[in-house]
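Reader: I have a model open and would like to understand the words used to describe it. Could you take me through them?
Author: Gladly; here it is.

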Amino acid sequence: MRRDARELAREARAVVREALARSHAAKGWEALQERDADGNAQGALPYTDAALAEFAAAHKRDPDDINITHHLAIAHHARAWDWELQGDARAAAEWELALGHWRTMVAAGEFWAGLKAKMLVCDPNADTKVLDEARRDLLEHLLELHVAFVRHYCESEAPDRATVHVGIVQRARIPPAVKKRLVEKVFEAMTGSVPDAKAMGDFDPALTVLERFLALFPDYLPALRLYVEVARAWGATLSFQNDWPEIERLAERINPEKDESEDAQDKSPVERLAAHPDLGAESLARSELESLTFELAALGYHRGGSYLAEAQTKGFSVADRDAAMAAFDFALEWGMLGDQFSSTGSQMKELLAAAHQGRGWCKYHEAQEVLQTGYVYQSTLATAARLYHEAIAEMEAAVNLSSGDEHLHEILKQLRDELAILDLRSAGSFFAD
Amino acid sequence: MNLWRRGLLTQNPYYRTPFRIARVPREITRHGTIVRLIGETRKLMNRDPLAHQINGSPVTDAEINAAEPALTDPKRRIIEELLEHAAEELPLGPARKLAKEVAEATAVDPSEKLTVNDLSALQGLAQSLIRQFLEQAQQPSPSFGALELEIVPPFGQGDEV
């Protein structure tokens, strides 16, 4: 049946519009062709700037045309890859643009249905499950490429470029389970060298690698655990007698003291691990943290103890006493951090008790110095009494922490007795004055 | 298998796809045609190892050997299509169809050729032309009588028949 002129004109308009839209795709395809010296087409290149412009124009006209999206996905991804290899900074944005097009492809059922139909044309008995799997894994496979670049740049010591790819993985809109798998792969890629470095005693670079990873994934438990493990191994090689400055640097590095200007939320790796919600279920991480804190607390205690031991023979200078106090403080700081993860009656509690006792002896020695000044004024006696009180408080803390140490009780009794005598002298001095 | 992680990271996988290496268009699905095209590519390369190049670098035997199973196994081949542009051509089919339909609609049927049976509508025009002719004609000299003895054709011819 013949159609009237109006109907034909309407269809003509539609045909022309379609031709105009599709002509961009056709021109894009032409612009992809690699040609020989005579201008004969040899095959399509993955992209050319001209082709990309045509495909972009076609996409603008018809954003739902999945075939055009496929051209764009291929072309942008290929160009991103070239730019990456050339060190062109535009690569990062180009990768993400391409990923956006690939994400559209994954969602486009018609595209996959078309491939299935084509597969069945190739082989009517073919199992098209392979396409379902390809569709399911496509984004993860694309992002694995960025994990590979992370590894590549970590190995070639280009951490900034690795960070760009980590950012791409972090920003990718993918299911949490997939992202978790990818983060695990990034962790392996970035920190793969750490176990060897630790075994070789290269602790500083090993910690640097982990700090780089933790700057990107601050709460990633395996990284925090490995960080603590390396720090503990490093601490275990250090001597409180010969390496104290290095011990202090290590401690400051893994758990820096914060000044008021710093954000209280900005936690150190050690603090993050200590406060990690999954730490309870991670016995290995908890054990590593306890070991590290014990290791450092013990180093501090032994350093303080060595000053006290020397004081028995050669006297206790003010500098030595201050150094001993600082060492006992160091032991207490780390010991208290680790005590959160220690069982009652553990070695950590004994160490804390010993550090308190050490501080108590320092206070006692200071009180003795004050009393030995020769001129016993009311103010001098008051200072000595204050120091006795402080020493007694430390010894009481030690008694509370230790598991029934009789010797400590005797020391405490002796200090209290001496304080009582001092109080009497103070009263006598008051009346004498 | 991850398509993007098959080769070295430093090699962009979009250039040397099995389709491009074997010179098999993505649109070809028949096994026999694929095998024939691969054979032709091999012959071309045997004749001149530099004849088949991609992005300035010749295709090697190893590459074509690897491309063949990737294209002849439907499972692998269909996955390879993800990295390959589909051919595009101007959508002339609908335009041709429409043009044909329009041509058919406007074509004149020989059996319906226009015939003129009544010329009366031309009478007015004819009279006007006659009047114009007579007015512009040379006037006769009163000394010698009429110039013409008969009406100049075509007028008057009808009267003779």
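Reader: What makes H15(A) and H16(A) roughly antiparallel to each other?
Author: The axes of helix H15 (residues 318-339) and helix H16 (residues 347-371), both of chain A, cross at roughly 155° and come within 9 Å. Axes are lines fitted to C-alpha atoms, for helices over the stretch in contact, and angles run from 0 to 180 degrees between N-to-C directions. Angles over 145 degrees count as roughly antiparallel, under 35 as roughly parallel, 65 to 115 as roughly perpendicular and the rest as oblique. H15(A) and H16(A) are therefore roughly antiparallel. The helices themselves are DSSP runs (H or I, at least four residues; strands are E, at least two), numbered from the N terminus.

Before we go on, this is a predicted model: local features need pLDDT of at least 70 and side-chain atom pairs pLDDT 80 or more, while totals for chains, interfaces and linings use all residues. Residues are numbered from 1 along each chain as its sequence is written, with chains lettered from A and ligands numbered from 1 in the order in which they are written.

Reader: Which residues make the contact of H15(A) with H16(A)?
Author: Among them are Phe328(A) and Leu332(A) of H15(A), and Leu352(A) and Ala355(A) of H16(A). Two residues are in contact if their C-beta atoms, placed from the backbone, lie within 7 Å. By class, this contact has 11 nonpolar, 4 polar and 5 charged residues. Ala, Val, Leu, Ile, Met, Phe, Trp, Tyr, Cys and Pro count as nonpolar, Asp, Glu, Lys and Arg as charged, and the others, Gly among them, as polar.

Reader: Why is chain A called more spread out than a compact globule?
Author: The globule rule is 2.2 Å times the number of residues to the power 0.38, and the radius of gyration is taken over C-alpha atoms. For 433 residues the rule gives 22 Å, but chain A has 36 Å, well over that, so chain A is more spread out than a compact globule. Its C-alpha atoms fill a box of roughly 135 × 45 × 45 Å along the principal axes.

Reader: How do you know that H1(A) is roughly antiparallel to H5(B)?
Author: The axes of helix H1 (residues 5-32) of chain A and H5(B) cross at roughly 155° and come within 10 Å. That angle makes H1(A) roughly antiparallel to H5(B). Their contact includes Val15(A) and Leu98(B), and by class it has 9 nonpolar, no polar and 3 charged residues.

Reader: How many residues of chain B are in contact with chain A?
Author: There are 34, and they meet 44 residues of chain A. H5(B) gives the most to that side of chain B, with 6 residues.
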